[in-house]
Amino acid sequence: MAKKQKVHSLTGRIDDRMMREAFKAVKRNRGAAGIDKVSIAMFEENLDDNLAALMKDLKTRGTFVSKPLRRKWIAKDASQTKFRPLGIPAVRDRIAQEVVRRLLEPIFEPLFHDSSFGFRPKRGCHQAIRKVLEHHQAGYNIVLDADISGFFDNIPHKLIVQAVAAEVADGNILDLIERFLAAGVMENGVFSPTTIGTPQGGVISPLLANIVLNKLDWQLEQAGYRFVRYADDFVVTCQNKAEATAALTLVQSIMTELGLSLSPEKTKITSYGKGYDFLGFRLSRLSRTMRTKSVEKFKTKVQEITRRHHNLNGTAIEKLNQVIRGTANYFATEFSTCVFLFQQLDKWIRMRVRCMKFKRKSVNDNYRMKKRVFLKRLGLLELLSFTATTMGRS
């Protein structure tokens with residue numbers, strides 16, 4: 001059997017053009033400054049020198065030092081009772097990670113399974129959902145809805161490096177990845193080392209997650225299962241409960257091999273008939289609409305903009321329109337059934353704006369400020385209007 005050919009000398013591909021393209025990508029994604037308080041604009045003020053110095057460090061093994069990430073906590077739900085950690089790398093480190101990501105992606109992309117949709121070129125959530133719906137149409141209506149416990153926080157560093165090293169023989173690149181992973185975090189002036197996990201917020205984290213979970217994909221394929229995975233969120237579609245139970249046993253075994261585990265509370269066997277949540281949607285035989293948490297998050301954003309002590313002005317309407325447009329662009333698709341929900345939410349938004357305008361809640365204000373005022377005078381968008389083209393409404 002021929003010895004597997006690994007990719008060598010990736011470091012030699014780092015040049016001025018790649019550094020500049022990596023910076024442009026980081027700039028497009030915006031983001032806050034890291035612990036060094038250097039913003040993207042500040043880094044750009046002396047761009048040529050900064051990129052040249054960074055390139056020298058990246059190409060000289062053992063020279064690059066990754067700064068600790070700035071820890072920020074993001075609410076996981078609308079009630080803001082659960083939070084997930086977000087690690088914000090310094091701008092310089094984000095550029096370094098983007099360089100390495102660009103070197104690795106062309107190597108691993110051809111190796112990834114076709115049922116993997118997260119953080120991959122020309123793929124996204126809607127394609128993942130369409131694939132799941134195809135499985136259901138083909139009669140695979142029993143669903144293993146799996147959730148990996150704290151995936152990004154618990155991936156063993158050794159596992160990540162080994163998975164990359166299976167295809168890459170450039171010691172400098174492997175060393176850089178280890179340095180990214182072991183950078184540590186800074187919170188309230190206190191440094192904490194990172195011995196496990198890849199930070200949510202790191203530029204390279206999604207690619208490393210796909211590299212690790214590629215093993216799961218191909219073992220499911222080998223066992224004959226149909227599945228769809230988006231990063232650490234995945235479902236296995238089966239024809240009966242016995243098949244789904246066997247799939248659960250297999251997935252648990254693979255997780256153990258990877259040093260991970262499934263969440264007992266969130267992992268379940270259900271059906272397309274009963275419905276289940278996936279990528280922000282509630283999918284069922286009867287409807288494909290916003291899941292409860294998605295509705296709550298949307299309402300929370302609207303409530304923050306429309307508090308009664310705020311003034312109703314052009315800025316408030318502009319902010320509302322951004323929230324409405326973003327939500328509608330995601331949930332108003334050709335497979336969605338959101339018309340009734342959108343009607344209810346549009347009415348609720350108008351109620352919130354009336355309360356904001358008149359500093360009270362009164363049915364009489366419906367006549368003082370009718371629907372046409374919102375649409376024509378204020379220019380407020382309607383969720384429902386986005387369904388006209390995507391859902392075939394006239």
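A: What follows goes through the salt bridges pair by pair and then turns briefly to a hairpin. The model is a predicted one.

The structure holds 19 salt bridges in total. Side chains of opposite charge can pair when their charged atoms come close.

Start with Lys27 and Glu44, whose side chains meet in a salt bridge at 3.0 Å, N to O. Lys27 belongs to helix H1 (residues 16–28) and Glu44 to helix H2 (residues 40–45), so this pair ties together parts that are 17 residues apart in sequence. Lys27 has a relative accessibility of 39% and therefore counts as partly exposed. Glu44, at 30% relative accessibility, also counts as partly exposed, because that label covers values between 20% and 50%.

The next pair is Asp57 and Arg92, where the salt bridge spans 2.5 Å from N to O. Asp57 sits in helix H3 (residues 47–59), while Arg92 sits in helix H4 (residues 91–108), so the contact ties together parts 35 residues apart in sequence. Asp57 counts as buried because its relative accessibility is 18%, and the cut-off for buried is under 20%.

A further pair is Arg350 and Glu382, with side chains that meet in a salt bridge at 3.2 Å, N to O. Arg350 lies in helix H13 (residues 339–358), but Glu382 lies in the loop between helix H15 (371–378) and helix H16 (387–390); the pair therefore ties together parts that are 32 residues apart in sequence. Arg350 is buried, with a relative accessible area of 11%. Glu382 counts as buried too, at 14% relative accessibility.

Some salt bridges share partners. In this way Arg17, Glu21, Glu98, Arg101, Arg102 and Glu105 are joined into one network.

For contrast, here is a part of the structure described by strand pairing. Strand E6 (residues 226–230) and strand E7 (residues 233–238) pair in the antiparallel sense over 5 bridges. Within this pairing, Arg229 stands opposite Phe234 in E7. The two strands E6 and E7 form a hairpin with 2 residues between them. In the turn, Ala231 has a positive phi of about 55 degrees. Strand E6 is mostly covered, with 4 of its 5 residues buried.

How values were computed. Residues are numbered from 1 along each chain as its sequence is written. This is a predicted model: local features need pLDDT of at least 70, side-chain atom pairs count only at pLDDT 80 or more; totals for chains, interfaces and linings use all residues. Side-chain values use heavy atoms; hydrogens and water are left out. Buried means under 20% relative accessible area, exposed over 50%, partly exposed in between (1.4 Å probe, protein chains only). Two strands pair if DSSP finds at least two bridges between them. A salt bridge is a side-chain nitrogen of Lys or Arg within 4 Å of a carboxyl oxygen of Asp or Glu.
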